[in-house]
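Here are my notes on this model, as promised. Have it open while you read, and go through the points in order.

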Amino acid sequence: MIRATDDNEYYELLSPTSLPKASGFLWNEKMMIHMNCRGYAVAQFMQPEPAKYSYAPNLEAKTFMQPEQPYYAHHPGRFVYVKDEENGKVFSAPYEPVRTLPDKYTFAVGKNNIVWKIENDGIGIEMSLSLPKEDAMELWRVKVTNLSQTKRKISIYPYFTIGYMSWMNQSGEYKQELQGIVASAITPYQKYQDYAKIKLLKDKTFLLADQEPFAWEVNQEAFEGEGGITSPSSIQNEVLSKGESRYESPVAVLQYRLEMEPGEEQAYRFIFGPAKDETEIAQIRQSLFVDRNANGEDGFVQAEREYAEYIKEGRGCIEIKTPDADLDNFVNHWLPRQMYYHGQTNRLTTDPQTRNYLQDNMGMSYIKPQMARAAFLTALSQQNASGAMPDGIILHEAAELKYINQVPHTDHCVWLPICLSTYLDETNDYSILDEKVPFADGEEVASVFEHINRAMDWLMGARDARGLNFIDQGDWCDPMNMVGYKGKGVSGWLTMASAYAFIIWADICGKSEQLETSKKFRLAADETNVVINKYLWDGEWYARGITDDNVVFGISTDKEGRIFINPQGWALLCGAADPVKQKKLMQAVEEQLETPYGVEKLAPAYTAMREDVGRVTQKFPGTAENGAVYNHAAAFYIYALYQVGEQDDAYRLLRKMLPGPDAADILRRGQLPVFIPNYYRGAYRQYPNTAGRSSHLFNTGTVPWVYRCLIDGLFGLKGNEAGIQVHPQLPSEWQEVTVKRTFRGAELHIDIKRESGVEKTEVYLNGNLIEDGIIKDLTAGAEYSVLVKIPSLNA
């Protein structure tokens, strides 16, 4: 059903119906496209705000990506209709919209392209999608092969959805001089002040072909006729009508007629995307289809190659070989790719949430640390002199805070030391603390060190008389918006996260010889932990918070939302939970939150609005923050388990983030293991029949935390100011692993083995025992051989 190719460059799905929502995604810094295995697409580009060029049927559907994206007949897509001119039979590739089950089918998700191979009735269709490195456009190849033993007469009809562009103004026509279809629209607006922005937008959608078509159609209604999209009436005719669209919804359909000998192939290329005007479209055609370099390659081929090289820049810093080949494939190939996407594009938004921006760039510390460094400085330049961080980071001069970033949340400061610590572990670049950065609300300039001090002081000041952190209209959990809107409600999780941030900052201060500051924040963490245990321990686990009306929630007496995962994991991280409490809360998590698909965010899921908690309780039970296996929160908990040495529990939950390896689990999740989704359906004990379904959303803060779990926890190869501290935490059933670790320009080849007679971890560098287990004095460009012996469980 699914398989990795021998070179691990692709993940393949061999049926269009077994995992109908299986998908892959491609991106550059101007656009992103999410391609479904059956040919449906969700795409957007930046100008500078997100915009469409392939539209849904109505304006109300002009959102970007939705969890568990519903697909429908007229969902935007990229298809090829194929008609046998002799018998009139029609099928479509890759599967939609005709839905003729092919004789053979492969959907292959690669790192820099997505490929379909379909065979039906002796005709082979191969479709592939790639992108340029920088421009917002899709690069398509379509190859047709006569696989039969007889001469065939066929027509193919590449179909690209344009859709309902605008109620103000939309049209489309074939342009002979461009050898392509151009659709035009005007983005709707009401205020005259908006015209200055509107007139600059790329409101045209184009489809360019490298070969002149036999015919075309630009009017969607005329193309479909009475047969609809599944059986277009116009295809029954010998020739498309060469129509145009005048305020009707446009479509881009081309017709090519072929007479093919047995074994003959015919290849086509297309460019699909947005443009400002026809001059720009003509320039695109010239540069990609006409101009050639010294090697005779046109721009299309060059763009594909440059994009492949761009994606390769996102390599991770570890390469592993373990007893779990599926994990190896994901960690070596797909996890760093997803992490790179987040950090490189900022999720294609001009105002990423501050917590997302910082955590995504925490991940970039492993891939492009200089980019992470710049991002931390950018974030701090938007901090107020009080120490408060904004809800979103402005990345473009024309951007403004939108949507959720207009709602006050109180957690953004905690991520500063937590995320910076990963950068420091990887680079040892403590000079960043001396960088001078302005504040957003005045002329004052201060060092990064002072900025983060003020952030920590702000967290200590934003507390009630008990010493618990105010939640306002949300913390990390955006939709927990009614716990503290009156100004009294507090967040148990944020109080714990603050304590953990104090500990991390105290460590950084200590390493920077800021001993008094280090002592101050270590004491603050200790005092906070006392408060946590006084007000939030419920006897078996920790409460999630206390409402404006002084009602503790997330406790044993609650019928819904009795237990939340975040307070349990962060109580381990901040040290509030002593060994007795650790054992109790971990047992509670295993009994009440763990499912076959991972650990749920809360349980039981809310089934009705709880007005003192907020809109999180209105989400469908088991989706998103309301009791799903919300992988970001699960990753926090897994990281915490590694921090307290619970490696078996940690690995068990970590492995559940990936579909499979058994077929039943893959079918339930409905997703290829090429990314970690935002969530899998939860409410396992309430709605077991739907639990486990993937959201198919790949925007998630999960991935840098999973990478930290691997480096700091599972393989124990965490950097510090001296070098790498080696402390692997392999699951009990593993006897041996190998890891290639790139670190500060050096390359370490590490073998980790269980050996009888070994009582504690022993680290050998080039055959020499290292007493403290810290590999020091590494030289950039050098390679090192490391042997790590860990105790055998039979010893």
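1. Start with R655 and D324: they form a salt bridge whose closest N and O atoms are 2.5 Å apart. (A salt bridge here is a side-chain nitrogen of Lys or Arg within 4 Å of a carboxyl oxygen of Asp or Glu.) R655 belongs to helix α16 (residues 647-655) and D324 to the loop between β21 (318-321) and α6 (325-345), so the pair ties together parts that are 331 residues apart in sequence. R655 counts as buried because its relative accessibility is 12%, and D324 is buried too, at 13%. (Buried means under 20% relative accessible area, exposed means over 50%, and partly exposed is in between, with a 1.4 Å probe and protein chains only.)

2. Some ground rules before going on. This is a predicted model, in which local features need pLDDT of at least 70 and side-chain atom pairs count only at pLDDT 80 or more, while totals for chains, interfaces and linings use all residues. Residues are numbered from 1 along each chain as its sequence is written, and side-chain values use heavy atoms, leaving out hydrogens and water. Helices (H or I, at least four residues) and strands (E, at least two) are DSSP runs, numbered from the N terminus.

3. More on charges: the whole structure has 57 salt bridges. One of them joins E259 to K151, with the closest N and O atoms 3.5 Å apart. E259 sits in strand β19 and K151 in the loop between β12 (138-146) and β13 (152-161), so this pair links parts 108 residues apart in sequence. K151 is partly exposed, at 41% relative accessibility. R466 and D464 make another salt bridge, at 2.8 Å between the closest N and O atoms; R466 is partly exposed at 24%, whereas D464 is buried at 14%. There is also a salt-bridge network linking E173, K175, E244, R246 and E278.

4. Now the sheets. An open sheet of 11 strands runs in the order β1-β2-β9-β10-β11-β12-β20-β16-β15-β14-β18, with antiparallel pairing. (Two strands pair if DSSP finds at least two bridges between them.) At its edges are β1 (2-4) and β18 (245-246), each pairing on one side only. Strand β15 (residues 180-185) joins strand β16 (residues 204-209) through 5 bridges, running antiparallel, and G180 stands opposite L208 in β16.

5. Look at β11 (residues 123-130) within that sheet. Why is it described as largely enclosed by the rest of the structure? Because 7 of its 8 residues are buried. Strand β10 (residues 114-120) is joined to β11 by 7 bridges, antiparallel, with N120 opposite I123. Their hairpin has 2 residues between the strands, and D121 takes a positive phi near 55 degrees there. β11 also pairs with β12 in the antiparallel sense, over 8 bridges; in β12, W140 is the bridge partner of L129.

6. α4 (residues 278-290) lies across β12, β14 (170-175), β15, β16 and β20 (265-275), at about 30 degrees to β16. α6 packs on the sheet too, touching β1, β2 (10-13) and β9 (104-110), and its direction makes about 110 degrees with that of β2. (Contact means heavy atoms within 4.5 Å; axes are lines fitted to C-alpha atoms, for helices over the stretch in contact, and angles run from 0 to 180 degrees between N-to-C directions.)

7. A 5-strand open sheet has the order β8-β7-β13-β19-β17, again with antiparallel pairing. β8 (90-93) and β17 (215-219) are its edges, each with a single partner strand, so one side of each lacks a neighbour in the sheet. The twist averages 20 degrees from one strand to the next. β17 pairs with β19 (residues 250-260) over 4 bridges, and W216 stands opposite L254 in β19.

8. Last, the annotated region. An unreviewed UniProt entry places "domain: Glycosyl hydrolase 94 catalytic" at residues 318-716; such annotations may be inferred rather than shown by experiment, and positions are given in the numbering used here, with feature names shortened. Over residues 318-716 the chain is 45% helix and 7% strand, and the end C-alpha atoms are 12 Å apart.
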